[in-house]
Amino acid sequence: MEKNIVLVGMMGSGKTTVANSISAYSDYAFIDIDKEIVNLENQSINDIFADKEKGEKYFRDMETKIAKKIISYKHLGKFVISTGGGILERDENLEILKKNGVVFYLKTDVDELLKRLEGDTSRPLLNGENLKKKLLMLIEKREQNYKNANYIIETSGKEVSQIVVEILGIMNARIKS
């Protein structure tokens, strides 16, 4: 059975960019869990986090809800799924995503993340001072869960096309075996 491609990793690791590219060069349809939440809630992620009645917990609940919904889409074909950086903070989400997906951790070093995220105000957990310190704390909090992905893809210093070829190569090898 063909499975979905699921991309996890820190914000700025390239999940959305890589997912878009995979979708453009293959028969995988693209789903972005963050965009699904924004569309359903009619609010930006920043606004959901800042909302006193919603907040981060509500956002994490929505991630789980959408992950469960996506795995039920088997009959609609195969998808490349871009997740939010914190989706694996809940252990159940990895189990959900692995049910009908092959999970790839896009591992990016902190200096590369800093370059990509500098000046980005759309990420509520990074707002304020000392971006590097915040990133290091988030990496420390999430790294162990990321490492439970099916595959770890080092992305630092690679072009998007190289990452896409690597992921699709793994998927093709899985299909053949």
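This is a predicted model: local features need pLDDT of at least 70, side-chain atom pairs count only at pLDDT 80 or more; totals for chains, interfaces and linings use all residues.
Q: Why is T64 called buried?
A: Buried means under 20% relative accessible area, exposed means over 50%, and partly exposed lies in between (1.4 Å probe, protein chains only). T64 has 5% relative accessibility, so it counts as buried. T64 sits in helix α4. Helices are DSSP runs of H or I with at least four residues, strands are runs of E with at least two, and both are numbered from the N terminus.

Q: Which residues does T64 touch, not counting residues up to four places away in sequence?
A: T64 touches R90, E92, N93 and I96. Contact here means heavy atoms within 4.5 Å.

Q: Which residues of α4 are buried, and what do they pack against?
A: The buried set is G55, F59, R60, M62, E63, T64, I66, A67, I70 and I71. They pack against β2 (29-32), α2 (33-41), α3 (45-50), β3 (79-82), α5 and α7.

Q: Why is G55 called buried?
A: G55 has 9% relative accessibility, so it counts as buried. G55 belongs to helix α4. Leaving aside neighbours within four places in sequence, G55 contacts I48 and F49.

Q: How do you know that the buried residues of α5 line one face?
A: The buried residues of α5 (residues 91-99) are N93, L94, I96 and L97. Seen down the axis, they fall within an arc of 160°, so they line one face of the helix. That arc is taken over the directions from the helix axis to the C-beta atoms. D91, E95 and K99 are exposed on the face turned away from the buried side.

Q: What do the buried residues of α5 pack against?
A: They pack against β1 (4-8), α4 (55-71), β4 (101-107) and α7 (131-146).

Q: What makes the buried residues of α1 a single face?
A: In α1, K15, V18, A19, S21 and I22 are buried. Their arc, seen down the axis of α1, is within 165°, so they line one face. They pack against β1, β2, β3, β4 and α8.

Q: How is the packing of α1 on α8 described?
A: Two packed helices are described by the angle between their axes and the distance between the axes. The axes of α1 (residues 15-24) and α8 (residues 160-176) come within 9 Å and cross at roughly 65°. Axes are lines fitted to C-alpha atoms, for helices over the stretch in contact, and angles run from 0 to 180 degrees between N-to-C directions.

Q: Which residues of α1 and α8 meet?
A: T17, V18, S21 and I22 in α1 meet V160, I163, V164, I167 and L168 in α8. The residues of this contact divide into seven nonpolar, two polar and no charged.

Q: Why is T108 called buried?
A: T108 has 8% relative accessibility, so it counts as buried. T108 lies in the loop between β4 and α6 (110-117). T108 touches S13, L113, R116, T155 and S156, not counting residues up to four places away in sequence. T108 and G9 are 99 residues apart in sequence, yet 8.0 Å apart in space, C-alpha to C-alpha.

Q: What makes N42 stand out?
A: Most residues other than glycine have a negative phi. N42 has a positive phi of about 55° although it is not a glycine. N42 is exposed, with a relative accessible area of 71%, in the loop between α2 and α3.

Key:
Residues are numbered from 1 along each chain as its sequence is written. Side-chain values use heavy atoms; hydrogens and water are left out. Ala, Val, Leu, Ile, Met, Phe, Trp, Tyr, Cys and Pro count as nonpolar, Asp, Glu, Lys and Arg as charged, and the others, Gly among them, as polar.
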